[in-house]
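Please open the structure in your viewer and follow the stops below in order, selecting the named residues as you go.

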Amino acid sequence: MIQSETPASLIMIFGATGDLAKRKLYPSLFHLFRKGKLSEHFAVIGVARRPWSDEVLREHVRDSVLTSIKDAENIEEFVSHFYYKPHDVSDSQSYIQLKALANELDQKYCLEGNRVFYLAMAPEFFGTIAEHLKTDGLTDTNGFHRLVIEKPFGHDLESAIELNKRIRNVFSENDIYRIDHYLGKEMVQNIEVIRFANAIFEPLWNNRFISNIQITSSEMLGVEERGGYYETSGALRDMVQNHMLQMVALLAMEPPIRLTPKEIRSEKVKVLGALRSIEQDEIPQYFVRGQYGPGEINGEKVIGYREEQNVNKESNTDTYVAGKLMIDNFRWAGVPFYIRTGKRMTAKSTKIVIQFKDIPMNLYYKSEKNLDPNLLVIHIQPEEGITLHLNAKDTGQMMETTPVKLNFSNNHAPGLNTPEAYEKLLFDCLRGDATNFTHWDEVALSWSFVDKISHNWESEKADFPNYSAGTMGPTAADELLEKDGFSWWPVTDLDVNDC
Ligand code: NAD
């Protein structure tokens with residue numbers, strides 16, 4: 001049964017003074033509180049290095065909420081549930097003090113010993129914190145204990161296995177909530193509904209009717225001040241291993257027998273297990289990497305990646321990836337899934353284009369143009385919606401065709417205000433619904449797929465930079481599709497507003 005309100009719980013945010021907590025977690029918790037979805041039996045302990053007091057944290061939370069939400073009635077009541085503890089992640093004394101505060105708040109707010117530990121900190125601390133939570137007794141209560149872990153979950157398969165071992169010594173798989181915030185996005189969650197709630201799509205959703213699927217996630221921003229982190233990651237690890245492969249899994253999975261976390265995640269695991277493994281010498285046939293050089297964004301000159309702060313002047317890091325994925329199963333054999341993602345591209349856009357096969361014969365060929373293929377476009381962000389591209393009769397005497405678009409836009413639906421991904425994910429986690437979090441098996445399969453490519457790319461120096469800021473990536477990414485007889489659908493031409 002779906003609960004409309006979260007159970008009593010203590011939420012501990014490790015990294016309470018950080019960017020993620022400020023921009024996402026506090027506003028999201030406030031939205032839940034304001035909508036009456038957060039049990040009144042809740043308390044938050046913010047944990048971080050700085051020597052703050054409860055009052056300073058409350059001021060910080062108030063500011064963070066008021067920056068994004070103008071109408072914040074009840075804000076005082078909300079922030080009164082927040083407490084702060086200065087903390088050293090590797091010092092047992094810190095955890096013992098934290099435990100004393102947690103036990104006190106447990107009594108004060110009748111929290112029934114339920115605890116959510118949210119690790120919004122640098123990944124190198126994840127294992128250490130999890131271990132201390134157990135050895136210093138923070139998990140010694142009768143309620144539930146859940147661990148929420150931010151990305152990245154490891155740097156490759158080996159480090160992910162190591163991290164997983166450490167946290168599994170403390171938490172069972174069912175109590176580990178690995179965040180992939182794309183899974184909290186409205187239109188990513190809508191993929192399943194579009195597929196499994198519409199009789200007109202499911203029968204066509206296979207290699208007999210679909211010619212190819214394209215997923216683009218492009219950003220206009222560069223690395224900003226995150227150059228140091230990005231140098232150790234790159235687009236492949238930062239975007240493909242998690243978000244892009246998760247979208248592929250949702251698009252390609254079989255209908256689950258039930259909408260339970262176990263059934264849905266097991267179908268996604270099967271897709272990831274069916275990804276065609278790429279041999280080292282085949283990588284250039286399937287994957288293209290890029291790095292942006294100087295260029296122009298919105299008419300303004302911008303620097304290249306190698307000139308960014310904390311970036312090596314000869315950096316070999318990919319800021320762009322395009323790939324062709326093949327899923328070797330009955331449903332998808334022969335259908336390429338093309339993915340591309342990068343920084344400093346022409347537009348900020350995440351879109352999925354499902355291109356259907358051409359009809360067997362064009363009766364309207366005399367119109368001297370080929371019919372456009374039917375497309376189903378799923379707009380993930382910033383626009384949210386779906387567009388179906390069809391052909392219809394052009395008005396007039398002749399039997400000429402014209403492309404038409406049937407369009408649904410969430411952004412334009414009256415009264416619809418899509419919740420932020422983090423709001424949904426926090427709500428799910430507090431209710432114990434792990435559907436939209438990644439299971440270990442998904443993480444492991446994604447890393448083993450990505451590792452082959454990243455190890456190869458690390459061992460060979462690329463000819464970077466190979467695309468200018470403000471473009472859609474290197475020309476080799478276009479050739480990846482051209483050799484199969486396809487081309488990328490330009491994301492800006494597909495915008496909902498274009499219809
Ligand atoms: P941040 O650097 O802004 O904040 C880090 C927090 O950790 C701070 O509160 C800091 O005080 C605390 N901290 C660091 N070292 C500590 C120590 N030794 N002891 C106690 N506290 C310590 O980082 P962030 O941007 O908030 O990111 C946090 C996590 O979330 C990272 O894993 C990041 O990859 C992930 N993430 C962030 C975003 C984002 O939008 N910021 C998006 C996705 C994922």
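A residue is called buried when its relative accessible area is under 20%, and exposed when that area is over 50%, with partly exposed in between. Keep in mind throughout that this is a predicted model.

Begin by selecting Glu202 and Arg331, which are both buried and whose side chains meet in a salt bridge of 3.0 Å, N to O. Glu202 sits in the loop between helix H7 and strand S7, while Arg331 sits in the loop between strand S12 and strand S13, so the pair ties together parts that are 129 residues apart in sequence.

Next, select Arg166 and Glu131, another salt bridge, in which the closest N and O atoms are 2.8 Å apart. Because Arg166 belongs to helix H6 and Glu131 to helix H5, this pair ties together parts that are 35 residues apart in sequence. Arg166 is partly exposed at 26% relative accessible area, and Glu131 is partly exposed at 30%.

Now move to helix H10 (residues 261-273), where Glu267 and Lys270 lie three residues apart, about one turn of the helix. Their side chains meet in a salt bridge of 3.3 Å, N to O, although Glu267 counts as buried at 9% relative accessibility and Lys270 as exposed at 51%.

Finally, select Ser9 in strand S1 (residues 9-14), which counts as buried at 1% relative accessibility. Leaving aside neighbours within four places in sequence, the residues in contact with Ser9 include His41, Phe144 and Leu430.

Key. Residues are numbered from 1 along each chain as its sequence is written. This is a predicted model: local features need pLDDT of at least 70, side-chain atom pairs count only at pLDDT 80 or more; totals for chains, interfaces and linings use all residues. Side-chain values use heavy atoms; hydrogens and water are left out. Helices (H or I, at least four residues) and strands (E, at least two) are DSSP runs, numbered from the N terminus. Buried means under 20% relative accessible area, exposed over 50%, partly exposed in between (1.4 Å probe, protein chains only). Contact means heavy atoms within 4.5 Å. A salt bridge is a side-chain nitrogen of Lys or Arg within 4 Å of a carboxyl oxygen of Asp or Glu.
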